[in-house]
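Biologist: Hi, I'm new to this one. Could you walk me through it?
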Amino acid sequence: MSAPSTEANGKRGPRGTVVIDAERCKGCELCIPACPPEVLRMSSNRNASGYLLPELLEGCTGCGACLMVCPDFCFEVYRFDPKAAEGA
Amino acid sequence: MTDPNDPLRVIPTDAPPIGACRKTGDSLPPLTLMGEHDLCPGCGEPLALRQILDAIDAMDMAQRAIGTIGIGCYTALTSLMDIDLIQALHGRAPSVATGAKRMRPETLVFTLQGDGDMVNEGLQEVIHTAARGENVTCILLNNGVFGETGGHMTATTVLGQRTKNSIEGRDAGEHGFPILIGDLLARLEGTAYCARASVHDAKGVARTRRFLDRAFESQMKGQGFSFVEILTMCPTGWFLPTAEGPDYLDQELGAIHEVGELKKDGVLIES
Amino acid sequence: MPHERRLMEGSEAIAEAAIAAGCRFFSGYPMTPFTEVLECFAKRLPEEGGACINAESEIEAIGQAWGAAATGARAATGSTGQGLSLMQESMSEITRAEIPIVIFNMARGQGDYFQATRGGGHGDYRHIVLSPQSVGEAVDLTQLAFHLADKWRHPVVIYGDYLIAHTAEAVGIEAIDYGPLPEKEWAVDGSLGGTGRSRNVNPIGMEKGSKGIDPNGFWQKLADKEDAILDAEQRYEAVDTEDADLLIVAFGTLARFARAAMRDLRAEGLKVGLFRPISLWPFPKEALAKAAEGCKRVAVLEQNAGQMIEDVQLSLLGAVPVVPIGGISTDPAGFGIGALLDSDLIAGRARDAHAGRPVPRGVVS
């Protein structure tokens, strides 16, 4: 598996993404309905403690709603920067 | 395992992205020493804590801040808070905050209390602290239940709410009515700022932060007592699946303990 | 500036001595015979740049003093027995959180000896208790109390009474230098947030940056500290004990009546000595045992049904017979002004004890 890149998704590319600290997650699912573009869903993967984990689908905007509602401080939020991408 | 037949593409989330990007949100709130805590899945208290720490950090008050902490589940969060703290007794944090503020008037002094702590055991303390116009900020994490003991009725439990000692639901005839503490405190002359927020969704969390900012600003302007009540989920104490916590909070507790600003600059806001 | 000696009620003298010792915060709730201590602080602390709060209850009073002291300020509260009962929950927590505060207990007589010396609250703790016999000594012990509180990070109770609070004596109040003290690096002044070294002053050993707590280790450390206090801070006065056949043990203002009785008895040729514990906790056990060596009897004079007598018996371990010569004795209002406060009556009972005759028990009226 490779990390997502600016070229990964369509013409405009994805606007953002998240890193999830899976080992800290307690599977509460609060992030799922909180996600405005509805790109988080529960997976069948579990962490070492046995909690079911969320997974990210295409279309993250990097809005940070998941971070705000996560009781276990699992989400790190990134926004892709098209200008910086062009310069690169 | 990811289903290979799933038409939706799963994006890896185990490492930072490659390419031009900027981090817009840290997983850990500012002023934390670690991220691990033992609060239950779906608990609303860490959401409130993030906003409190973020507000203190944004005001650049970290090195002029004193927290006085009550007794409840949130007490466990003191381990991760990189703020000078005084651990108070159940209900007594407003008094401890009073003494601290009188001796250190230049600091931002706040309490962190639950509804059992503030509205049951320590009702007298918070009311008199407000009535004195004590220049501190009391923060209530209100989930309408004693979470730490496993789900018992508090003074803010709403009618019909099932708890372990009101198993058929809180009944006014048997258990009396919930105390709307924010509304009560707003009516005291010593209260300068008073608001009730809820962390049931991201919008609510953002509103919580605005209210905290205003309460802390009010304190640093020396306006008098400030109060922010934050409704928080407690799926364990409500006997609900974690995913149902936010809606229960919004529709059951939130229907009685209504969200909004109650007082600003010493002036009541009529709803 | 040296202060002139002047006639001062104990309440005022205590407040002035506390201020001389650097006390800048007081909170209290009126209750006889403590009320005037609160009045004096309320008048004087604002003049000194401090704060005095007329608290809504004794529970709030000690909570406020707790917060003030936790920031490093010298802070105090006070009350009398019933109010002290309300404060016990906090006194226990404050002791275990190692917060140095001073508590002025203007007790209604001596029936609160157990409350003061055993720690009336929950948990495994003791706090230092100093008992003055006069207004002059209250001035010294008040200042010593603040010093010991800071030295040990431990609460100190001043066990006074109606007579201490309301007797006017000629005293001069000057700051007493009890020597250097460590910096209060533990004090929660709000300065260490975000540095990774922030503080949490708490009673159960919660450590920042770690989920686990170790109450066993934390409380054992406190127990070790209390053992050190036990060794270091015993205070007492022994008068004419060398040749005594009968040793009277009494504390606080009652000891002054005992002293007058002793003088009369000595004039009669009876070899009577007086042992006065000044620190009720730690109780001066070894000194009492030494003073009682060679005595035929030890007479315990206290204004209650028998409380300090247990400490006396524990000190002597059966080496000398112990006889109670006090008893329940108060005024109709219950403020502790009882018929036992009479040197002739005390002398009579001591005479009986000296001769091995039975001493009357029960209400002294």
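Modeller: Happy to! One term to begin with: a residue is buried if 20 or more other C-beta atoms lie within 10 Å of its own, exposed if 12 or fewer, and partly exposed in between, with C-beta atoms placed from the backbone. Please keep in mind that this is a predicted model, where local features need pLDDT of at least 70, side-chain atom pairs count only at pLDDT 80 or more, and totals for chains, interfaces and linings use all residues. Residues are numbered from 1 along each chain as its sequence is written, while chains are lettered from A and ligands numbered from 1 in the order in which they are written.

Biologist: Thanks! Which residues of H1(B) are buried?
Modeller: Those are Glu45(B), Pro46(B), Leu47(B), Ala48(B), Leu49(B), Arg50(B), Gln51(B), Ile52(B), Leu53(B), Ala55(B) and Ile56(B). That is 11 of its 14 residues, so H1(B) is mostly covered. The name follows the DSSP runs, which are numbered from the N terminus: helices are H or I with at least four residues, and strands are E with at least two.

Biologist: And what covers the buried residues of H1(B)?
Modeller: The cover includes helix H2 (65-69) of chain A, and from chain B it includes S3, strand S5 (108-114), strand S6 (137-142), H7 and strand S8 (225-231).

Biologist: How far does H1(B) reach from its first C-alpha to its last?
Modeller: H1(B) reaches 20 Å, close to the 20 Å expected at 1.5 Å a residue. The expected span is 1.5 Å times one less than the number of residues in the helix. After H1(B) comes Asp60(B), with a positive phi near 60°.

Biologist: You mentioned S5(B). How many of its residues are buried?
Modeller: Seven of the seven, so S5(B) is largely enclosed by the rest of the structure. Leu108(B), Phe110(B), Leu112(B) and Gly114(B) are buried on one side, and Val109(B), Thr111(B) and Gln113(B) are buried on the other. As background, side chains in a regular strand alternate between the two faces of the sheet.

Biologist: Which strands does S5(B) pair with?
Modeller: S3(B) and S5(B) run parallel and are joined by five bridges, with Thr68(B) opposite Thr111(B). S5(B) and S6(B) also run parallel, over five bridges, and there Leu112(B) has Ile139(B) as its bridge partner. Two strands count as paired if DSSP finds at least two bridges between them.

Biologist: Changing topic: how many residues of chain B are in contact with chain A?
Modeller: 36 residues of chain B are in contact with 44 residues of chain A. Contact means that the C-beta atoms of two residues, placed from the backbone, lie within 7 Å.

Biologist: Which element of chain B gives the most there?
Modeller: S2(B), with five residues. By class, this side of chain B has 22 nonpolar, eight polar and six charged residues. Here Ala, Val, Leu, Ile, Met, Phe, Trp, Tyr, Cys and Pro count as nonpolar, Asp, Glu, Lys and Arg as charged, and the others, Gly among them, as polar. Strand S3 (residues 52-57) of chain A also pairs with S1(B) in the antiparallel sense over two bridges, and Leu57(A) is opposite Val10(B).

Biologist: And what does the contact between chain B and chain C take from each?
Modeller: It takes 35 residues from chain B and 38 residues from chain C. On the chain B side, H2(B) gives the most, with eight residues. That side divides into 14 nonpolar, 12 polar and nine charged residues. S4(B) and strand S9 (residues 200-201) of chain C run parallel, joined by two bridges, and Leu85(B) has Asn200(C) as its bridge partner.

Biologist: What about chain C on its own: how many helices and strands?
Modeller: Chain C has 12 helices and 15 strands. Its radius of gyration is 21 Å, close to the 21 Å that the globule rule gives for 365 residues, so chain C is as compact as a globular protein of that length. The radius is taken over C-alpha atoms, and the rule is 2.2 Å times the number of residues to the power 0.38. Buried residues make up 56% of the 365 residues in chain C.

Biologist: Last one: which residues of H9(C) are buried?
Modeller: Leu254(C), Ala255(C), Phe257(C), Ala258(C), Ala261(C), Met262(C) and Leu265(C). They cover an arc of only 150° around the axis, which puts them on the same side of H9(C); the arc is that of the directions from the helix axis to the C-beta atoms. Their cover includes strand S11 (246-249), strand S12 (272-277) and helix H12 (343-355) of chain C.
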